[in-house]
Amino acid sequence: MSSNGANSVPPAPNPPKSGVRTVLQYTGIPPSWLDKRPRLPSRNWLIFLSVTSVVTGYYIYDRQQCKKIRQEYVDKVKDLAVQPMGSMELPRLVTVYGAKWPGDQDYDRSMRYFRKYVKPVLVAAAIDYDMVKGRRHGDIARQVAEKIRKERRILAGLDQPFSGPIPLPANLFEEKHKRELEGGIILVGRHTLKEYMAGLKRGWTGGLEHVDREEQLARVLESDGKFDEPEPEPTAEAIIGEGEPVPTPSRLPPSKPFSMLTPALRAPPPPPKSSESIPAHLSAPPAEIPPQPPMLLVGFTNYIGFTQIPLMIWDFFNERYKVHEGAEAAYRLVMGNTRPFTAPSAEALADPQDAFDPAQPQKPLLAELTPTDLDFDRESESYYKKSVVRDFSSDIESARKEYYTSLAKKLETARALARGTREPTKEEKENPPPTEVELRAERMQKELRWTADEEGWDIVRPDKGVEWDERFRDRLRVYIDPPPSTDDSRAA
């Protein structure tokens with residue numbers, strides 16, 4: 001026993017535990033967790049962590065650069081916001097036009113681009129803005145044309161300007177026009193430029209008569225025969241007695257559609273005022289137009305569609321480029337440096353098809369060799385959805401054909417119920433079908449929308465250029481970058 005006791009080796013004492021380990025041991029954490037040593041993650045975890053770290057880091061870097069770029073331009077113009085103004089003075093006012101991007105159901109995309117990338121610099125410079133949105137194609141063109149027509153009528157003395165209930169100096173027509181010239185306009189995207197130039201040409205080319213689109217369309221539709229009643233053919237039973245035919249529905253006067261409106265209201269609309277009511281020298285387009293507000297052309301491309309998803313992802317991680325473009329454009333407007341609007345010469349704008357000779361090699365157009373402002377942001381049109389460009393007009397025709405196919409049956413039901421030739425069914429009692437008056441009103445609304453869409457698409461379609469009139473030459477101006485000396489002096 002003594003030998004066994006002499007040969008026994010006492011166990012090595014356990015290393016002392018740290019205070020934190022001792023505390024954690026009594027919190028219920030399993031000891032095996034406390035004995036674990038850190039090790040490298042597996043291959044899959046390393047791939048996942050590397051990819052997420054790179055993507056997150058790139059995103060954070062991009063957003064930091066966005067804030068830095070925006071703040072840089074805000075610092076350049078913020079001193080303009082603290083300059084004192086008179087009690088009767090108003091801040092500079094800019095009109096922003098944003099048209100609907102072809103193929104996008106969200107008509108506010110261009111305005112959203114302005115508010116996100118251009119507006120912060122304008123707000124920092126204390127510049128006010130008024131946004132004009134186009135909900136459908138052609139809205140901007142119609143609004144611009146109508147605005148110019150109203151101004152021409154006021155200048156011609158046909159209408160009186162509205163000065164408000166209190167005749168303040170700022171409400172005078174001359175002061176408003178002067179403020180517009182000093183403020184300028186912003187056109188977001190090439191499609192907006194097309195609509196604005198089309199409205200500008202339409203306003204300075206057309207007459208001064210008030211145009212009622214609904215009345216004009218009603219006169220076009222009243223003779224298409226869609227609401228005419230078919231005349232039934234006479235039967236053999238119609239001839240009796242001494243050979244005198246009995247009046248049949250086809251020989252009787254056509255029955256008038258039932259309507260709660262009075263005959264005066266159901267009468268065709270009066271003819272529009274002719275140009276004879278306005279003197280010819282006033283209604284004729286002017287030989288020269290007055291100077292127009294300078295334009296700030298802001299490039300804009302809207303990616304939509306499955307095939308453009310990679311471009312959307314690239315844009316999401318490279319916001320700093322759009323922030324720089326928007327801030328730079330706003331800075332050009334704030335500084336106010338302009339140049340004349342460049343356009344090809346009258347010879348280059350002439351139609352080259354008149355002198356086309358297939359046997360001779362064709363020379364490139366002058367506009368192709370020297371791009372002008374009419375070619376602004378032309379590459380953005382290549383991102384239109386191909387299906388929209390191909391099927392826009394055919395889709396309207398298909399919708400129109402389908403509507404008129406179903407209109408005949410609806411019209412027959414409405415007339416039968418209105419004249420009492422048959423009793424309404426149970427379903428018709430629960431859900432009364434539209435009357436003929438309602439069908440006429442529905443048709444008018446649909447045709448107004450279809451014709452407006454066709455006119456608007458004819459303006460913005462990619463195979464058509466920007467409208468131009470030789471009277472615009474030397475009357476339109478475009479904002480440009482300020483000279484480097486100006487930037488250096490403001491930075492100092």
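β3 and β4 pair in the parallel sense over four bridges (two strands pair if DSSP finds at least two bridges between them). This is a predicted model, in which local features need pLDDT of at least 70 and side-chain atom pairs count only at pLDDT 80 or more, while totals for chains, interfaces and linings use all residues. Residues are numbered from 1 along each chain as its sequence is written, and side-chain values use heavy atoms, with hydrogens and water left out.

**Overall make-up**

- The protein has 19 helices and six strands; helices (H or I, at least four residues) and strands (E, at least two) are DSSP runs, numbered from the N terminus.
- Of its 492 residues, 31% count as buried, where buried means under 20% relative accessible area, exposed over 50% and partly exposed in between (1.4 Å probe, protein chains only).
- Among contacts between residues at least 6 apart in sequence, 86% join residues at least 24 apart; contact means heavy atoms within 4.5 Å.

**Strand β3 and its neighbours**

- β3 also pairs with β1 in the parallel sense, over three bridges.
- Val96 has Ile186 in β3 as its bridge partner, and Val188 stands opposite Val298 in β4.
- In a regular strand the side chains alternate between the two faces of the sheet.
- Both faces of β3 are covered: Ile185 and Leu187 on one side, and Ile186 and Val188 on the other, are all buried.
- Leu187, in strand β3, has a relative accessible area of 0% and is therefore buried.
- The C-alpha atoms of Leu187 and Tyr97 are separated by 5.2 Å, although these residues are 90 apart along the chain.
- Not counting residues up to four places away in sequence, Leu187 touches Tyr97, Thr192, Leu193, Tyr196, Met295, Leu296, Leu297 and Val298.

**The nonpolar cores**

- The largest nonpolar core holds 33 residues, of which Leu122, Ile186 and Leu333 touch the most other members; such a core is a set of buried Ala, Val, Leu, Ile, Met, Phe, Trp, Tyr and Cys residues joined through side-chain atoms within 4.5 Å.
- Two or more residues of this core come from each of α4 (43–77), β1 (93–98), α5 (109–124), β3 (185–188), β4 (295–298) and α13 (319–335).
- α5 gives the largest share, eight residues.
- Another core, of 25 residues, lies apart from it and has Val132, Leu187, Val466 and Trp468 among its members.
- Ile186 touches residues that include Val94, Phe114, Val118, Leu122, Leu296 and Leu333, not counting those up to four places away in sequence.

**Helices α4 and α13**

- The axes of α4 and α13 come within 8 Å and cross at roughly 5°; axes are lines fitted to C-alpha atoms, for helices over the stretch in contact, and angles run from 0 to 180 degrees between N-to-C directions.
- That angle makes α4 roughly parallel to α13.
- Among the residues that meet are Tyr58, Arg63, Ile69 and Tyr73 in α4 and Glu319, Val323, Ala327 and Tyr331 in α13.
- The residues of this contact divide into 10 nonpolar, two polar and seven charged.

**Asp377**

- Asp377 sits in the loop between α15 (366–369) and α16 (386–419).
- Its relative accessible area is 11%, so Asp377 is buried.
- Asp377 and Arg190 are 187 residues apart along the chain, and their C-alpha atoms are separated by 5.7 Å.
- Asp377 touches Gly189, Arg190, Gly299 and Phe300, not counting residues up to four places away in sequence.

Methods: Parallel < 35°, antiparallel > 145°, perpendicular 65-115°, else oblique. Nonpolar A, V, L, I, M, F, W, Y, C, P; charged D, E, K, R; others polar.
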